[in-house]
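Here is a walk through one protein model. Keep the structure in view as you read.

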Amino acid sequence: MTAAEPSLRENSPAPRPAPVRDPVCGMAVDPGTAHRAEHAGTGYFFCSARCREKFVAEPARYLAGPGGHTPNVAAPKAGEALWTCPMHPQIVRQEPGTCPICGMALEPMTPSAGEAANPELHDMTRRFWAGVAWSLPLLAIVMAEHLAKPAFFSARLTVWVQLILGTPAVLWGGWPFFERGWASVINRRLNMFTLIALGTGVAYLYSLFAALVPGIFPASFRGPEGEVLLYFEAAAVIVTLVLLGQVLELRARSQTSSAIRALLDLAPKHARRLGADGSDEDVPLEEVLPGDRLRVRPGEKIPVDGVVL
């Protein structure tokens, strides 16, 4: 068979346009985005409507370089990986991270063969099991207070135990959610992490003040016995459950990526190229050029598109 010209391959997908730079925030953006504007005859593309509004209001502030313009050149270098959001494909970056719109972890646009590490899944799993270790005894203490007052636990000691267990469960376990929640406020793109960070953060801060300075709370905030109610266990359990959801989601996405990598592993890595004298040699697939003659023996996989001779 003869290796075909790339332009003649009928089933090859159309190449995706190279990402361009948002002149406001510097993010790599898909040229197909609806957020675009023209200035002095040059088109510019933006990651969001907010960046477009800033540019339209003050274009000179964001333009630099020869002629006063920042060209929308392709962002990645040759062979450099690109990452995008599964829910918002207009978000394209050159490194892993989170989507500024929904807070989801970015996925590589081009899956690679071979097993790939998933540091976010490892981190979320570690935080989840640590959250379980802190939340379960915290929940047991609070439930025991409602069922029967343990004689060996004074009221003040119970408060300090809840503070000690609840602080790492909420602050360390939920730190990624607080980061994403804050980013959603900065980007004016409120999402579920905004609610999670707001709900657990307020519950923790209220409980922190109630534990350290209970005297500042009026009588209407106190229970039947004059104690200020705490919500450490509620914040800790919510964070742990959200971590569980993140672990399940990341595992499902990792399994999908593993299936794609398994398909890529089925592709042959070498081809048998014929020389001018009729001899053949095994060469890496990257060295096969259009017009090369290849030999495919019975039972072997066809390495490239081509014409059977």
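**A tour of the chain**

R273 is buried, because its relative accessible area is 18%, and buried means under 20%. The model is a predicted one. The side chain of R273 meets that of E281 in a salt bridge, with N and O 3.6 Å apart. E281 is partly exposed, since its relative accessible area is 45%.

Look next at D280. It forms a salt bridge with R295, and the closest N and O atoms are 2.7 Å apart. D280 lies in strand β10, residues 280–284. R295 sits in the loop between β10 and β11 (306–307). The pair therefore ties together parts that are 15 residues apart in sequence. D280 is partly exposed, with a relative accessible area of 28%. R295 is partly exposed as well, at 33%.

How many salt bridges does the count come to? The count is 9. One of the salt bridges joins the side chains of R180 and E120, at 2.5 Å from N to O. R180 belongs to helix α5, while E120 belongs to helix α3 (residues 119–147), so this pair ties together parts that are 60 residues apart in sequence. Are these two residues buried or exposed? R180 is buried, with a relative accessible area of 10%. E120 counts as buried too, at 18% relative accessibility. Salt bridges can also form a network, and here one links D123, R126 and R127.

Now follow the helices. Two packed helices are described by the angle between their axes and the distance between the axes. Helix α5 spans residues 175–186, and α4 packs against it at an angle of about 45°. Their axes are 5 Å apart. That angle makes α4 oblique to α5. Which residues meet here? On the α4 side they are V170, L171 and W172. On the α5 side they are W175, P176 and F178.

Helix α4 also has a part in a surface feature. A nonpolar surface patch of about 690 Å² is made by W160, I164, L205, F209, L212, V213 and I216. Two elements give two or more residues to it: α4 (155–172) and α6 (192–212). Which element gives the most? The answer is α6, with 3 residues. I164 is one of the patch residues, and it lies in helix α4. I164 counts as exposed, because its relative accessibility is 58% and exposed means over 50%.

Turn to a loop. Q94 is placed between β7 (91–93) and β8 (107–108). Q94 counts as partly exposed, given its 24% relative accessibility. Its C-alpha atom is 6.0 Å from that of W83. Along the chain, Q94 and W83 are 11 residues apart.

Finally, step back to the whole. The protein chain has 7 helices and 11 strands. It holds 309 residues, and buried residues make up 36% of them. Consider the contacts with a separation of 6 or more: residues 24 or more positions apart account for 55% of these. The accessible surface of the protein chain comes to about 18,400 Å². Of that surface, 64% belongs to carbon and sulfur atoms.

Terms used:
Residues are numbered from 1 along each chain as its sequence is written. This is a predicted model: local features need pLDDT of at least 70, side-chain atom pairs count only at pLDDT 80 or more; totals for chains, interfaces and linings use all residues. Side-chain values use heavy atoms; hydrogens and water are left out. Patches are made of residues with over 30% relative accessible area and no salt bridge: like charges are joined within 9 Å, nonpolar side chains (Val, Leu, Ile, Met, Phe, Trp, Tyr) within 5 Å. Accessible areas come from the Shrake-Rupley method with a 1.4 Å probe; for residues, only the protein chains shown count as cover. A salt bridge is a side-chain nitrogen of Lys or Arg within 4 Å of a carboxyl oxygen of Asp or Glu. Helices (H or I, at least four residues) and strands (E, at least two) are DSSP runs, numbered from the N terminus. Buried means under 20% relative accessible area, exposed over 50%, partly exposed in between (1.4 Å probe, protein chains only). Axes are lines fitted to C-alpha atoms, for helices over the stretch in contact, and angles run from 0 to 180 degrees between N-to-C directions. Angles under 35 degrees count as roughly parallel, over 145 as roughly antiparallel, 65 to 115 as roughly perpendicular and the rest as oblique. Contact means heavy atoms within 4.5 Å.
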